[in-house]
Number of protein chains: 2
Amino acid sequence: MKSPFYKLLINFSILILTFNTSSSQVAKNSIVSKAYLNIAKAITDTAMSDCKAYSLLKELCYDIGPRLSSSPQAAAAVEWARQNMLTFGFDNVHLQPVMVPHWVRGEIEKASIINSSIVGTVSMSISALGGSISTPEMGIVAEVIEVRSLNEVKELGTKAEGKIIFYNRAMDSRLMNTFFGYGSAVDQRTLGAIEAAKAGAVAALVRSVTTRMDNVPHTGLMYYEENVHKIPAAAVSTVDAELLSKLIKLENQVKVWLRLSCKTYSDIQSYNVMGEITGIDRPEEVVLLGAHLDSWDVGHGAHDDGAGCVQTIEALRLIKILGLKPKRTIRAVLFMCEEFGIRGGPAYADSIKKNDPNHIAAIESDRGGFMPRGFSVSADSGTVERIKKWEYLLENIGANHIFQGGGGPDISPLNQFGTVTIGLIVDDQRYFDYHHSANDTFDKVNERELELGAVVMAILSYVLAMEGI
Amino acid sequence: MKSPFYKLLINFSILILTFNTSSSQVAKNSIVSKAYLNIAKAITDTAMSDCKAYSLLKELCYDIGPRLSSSPQAAAAVEWARQNMLTFGFDNVHLQPVMVPHWVRGEIEKASIINSSIVGTVSMSISALGGSISTPEMGIVAEVIEVRSLNEVKELGTKAEGKIIFYNRAMDSRLMNTFFGYGSAVDQRTLGAIEAAKAGAVAALVRSVTTRMDNVPHTGLMYYEENVHKIPAAAVSTVDAELLSKLIKLENQVKVWLRLSCKTYSDIQSYNVMGEITGIDRPEEVVLLGAHLDSWDVGHGAHDDGAGCVQTIEALRLIKILGLKPKRTIRAVLFMCEEFGIRGGPAYADSIKKNDPNHIAAIESDRGGFMPRGFSVSADSGTVERIKKWEYLLENIGANHIFQGGGGPDISPLNQFGTVTIGLIVDDQRYFDYHHSANDTFDKVNERELELGAVVMAILSYVLAMEGI
């Protein structure tokens, strides 16, 4: 952005777009499309010469750290986000109250195989699942039964009584979309304790839902069901899951000792953090950019979803420092409490209902700070086609793959208002190496990949705020 | 590959391809194209269920380590590669002699800013450039002049005499293709010492050619010119380059002490390692898969180019264990000495000349073990179009971007025989974080991304070995 010629080109581009207020059909190669190309290039060049997303993420990861919704660190993250939005000069920076669950892991979480004739007593790497109750103070000792599905537990009959159910179905590694691989196994984590309890089991262990074979357990939310006895549940590292499985095959009645000390308190108040660039022409019409500010209480929550948060802030900063004045409002919303049952998204949607603004689109980044590949659009195919016409602006980055698909958990409550919800799609091969684990740390994020995610969010949000859908 | 139905499908697909021996025009949706799709899926599923590339790379990185062409580790890597090719049952496994330069870094490489009134004496992170001579035993002390280009040195006139020239032009971070960014700065490293010596300088320091801002120097090859005085040259970490540049701006006559202890000996003999799946129909026609076995002497040479080596081996292994019998020969060649002046590639090409086989295509992986995106084809546009028709086989992986471009340094000598040379293209945003530095270690490689590179090499080489070009 140092060349005066370049500045001139941007200003000229803005001029063209100011005079073309109703270009619902922007033909490629038209003067308007070239103006948008100039702006996309300016956003990209500025971002790659003066990245801020990475240093923001470093602050969030190292100065604040993991930030479970109800934790002091989550409160720090709220204030950190608010101050940054003010520093960057966003309009209308404010907090929106959200009630969030208050669960703490507790200091003790331990598990051991205790009676193996082959390996003796072996401690296992475990992580209590989010929402789990604690065990009794001296823990639980019980024989372990291995299953591969919720249905297998149903078929166990009385055999499950008094036992620990060990869910050991791996992610399907053959699926190229690792989110589908995750979907192929995560029901064991979310619903495993319910089915195990129904069958009379005393605890549930779940193989970590990850593509890695290592010693790091991956936590995540679990559910209990009303009128079903609550039992404690924990994730086991893939290496220990493999060991346990082998021992069960080789020996009779492998027993495990499990000790968790989790506690659940009453819900507490936290906040969504928001700021915006108010539209100069139709300020009541909103294009939302969002991510979730909370994380799990292990690692840094760097990819999940610190990356999305700093990309959201950075996208608005880029639009702002280039002096771009969108016709419609571009709003950044950092949602509190996605991980622990999706509270911030619905709270935001409720507030919309009351104030009746028109949210034409919402773009969410919650798939990690990896190389952007495109956008997944939750809308009818005609709408998807209308958004696809902007693919040429994303071609230089290779993120020009716009297709019909899900938007994202925090913004999906906006679908009820006819908002087009859009998910940032990235190269996701590495995501489940880190997801919900101590491995999700700042050093796993690449500066350029992270920043390019912010760039494509800035480009798409700007053009939608200018042209509508 | 456990389902009998699936085995049946593959066998049926092979049967179809056996009966279609001259399908130069394979229409999409034809029975032949579906047979290839089945095989591509079988290769992918097998690879993702039973990855070997990652554990091979772990051996190469941890058991052998960095392997500069002339080093004992390079000899170990040759034997390691040969043994693995034999273990996996490749045909015609053998070594091909290559003479390689013998340069050693030596034990001492040190540099300090010694006379700053602001920071006093500060040591700098440096790495001798490959091929550099040593300094005198007590080092060189001289004033530093900062330049941004080779041309600037020419313009210095007598000012350069007795000085250390400090090349400090950064990679152009705005370029999406980081190899172009690398190309925008690397001339300072390769030719900097020559221009500095011509101007009368006593040494050259070069800003590391990397996208990172950190304290890790990035080495790489440098050249001397006949009849031009040789001076020592080293890379400086980007953090120290920034510091040195700031001090030069603030102070008069910043002096640096530089001590290198490199040595060059006579060339020694090393080897290219090769093995193949001999074609059952036209064994004399070859599709080559290749990478370079040597690396720099820092880090693990994990991405550069351990990744390419294990992908090459893995691609052949996948074809072999699926029982596929290509019509033409698919040959794996691990080239020795790419880094130190590209010796293995020309040696291989020379041997071809004598034996006169027909190499229809050569595919090289030397851009890091990142997510594959497609292939760059060095050929006329008609040929590129004929290879593009196989994009549908790579679509599932998102590596279906085949375009006209460079093949690769080791295989480019084959262009003289009319061989179509092809480079594996990957997401390269992270590559120059690691390239030629202590950061290029095993832990920087993701198992799935690495394996998928092997998968697309297997798919493309198999279909070219069946159908020709």
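Through which surface do the copies, chain A and chain B, meet? Of the interface residues of chain A, 100% are also interface residues in chain B, so the copies meet through the same surface.

This is a predicted model, in which local features need pLDDT of at least 70, side-chain atom pairs count only at pLDDT 80 or more, and totals for chains, interfaces and linings use all residues. Residues are numbered from 1 along each chain as its sequence is written, while chains are lettered from A and ligands numbered from 1 in the order in which they are written.

**The contact of the two chains**

Chain A and chain B each give 18 residues to the contact, where two residues touch if their C-beta atoms, placed from the backbone, lie within 7 Å. On the side of chain A, helix 2 (31-49) and helix 13 (447-467) are the elements that give two or more residues; helices are DSSP runs of H or I with at least four residues, numbered from the N terminus. The largest share, 4 residues, comes from helix 2 of chain A.

**A helix pair within chain A**

The axes of helix 3 and helix 4 of chain A, lines fitted to C-alpha atoms over the stretch in contact with angles from 0 to 180 degrees between N-to-C directions, come within 11 Å and cross at roughly 150 degrees. Helix 3 and helix 4 of chain A are therefore roughly antiparallel (an angle over 145 degrees).

| Helix of chain A | Residues in the helix | Residues that meet the other helix |
|---|---|---|
| Helix 3 | residues 53-64 | Leu56(A), Glu59(A), Leu60(A), Ile64(A) |
| Helix 4 | residues 72-87 | Gln73(A), Ala76(A), Ala77(A), Trp80(A), Asn84(A) |

How values were computed:
Angles under 35 degrees count as roughly parallel, over 145 as roughly antiparallel, 65 to 115 as roughly perpendicular and the rest as oblique.
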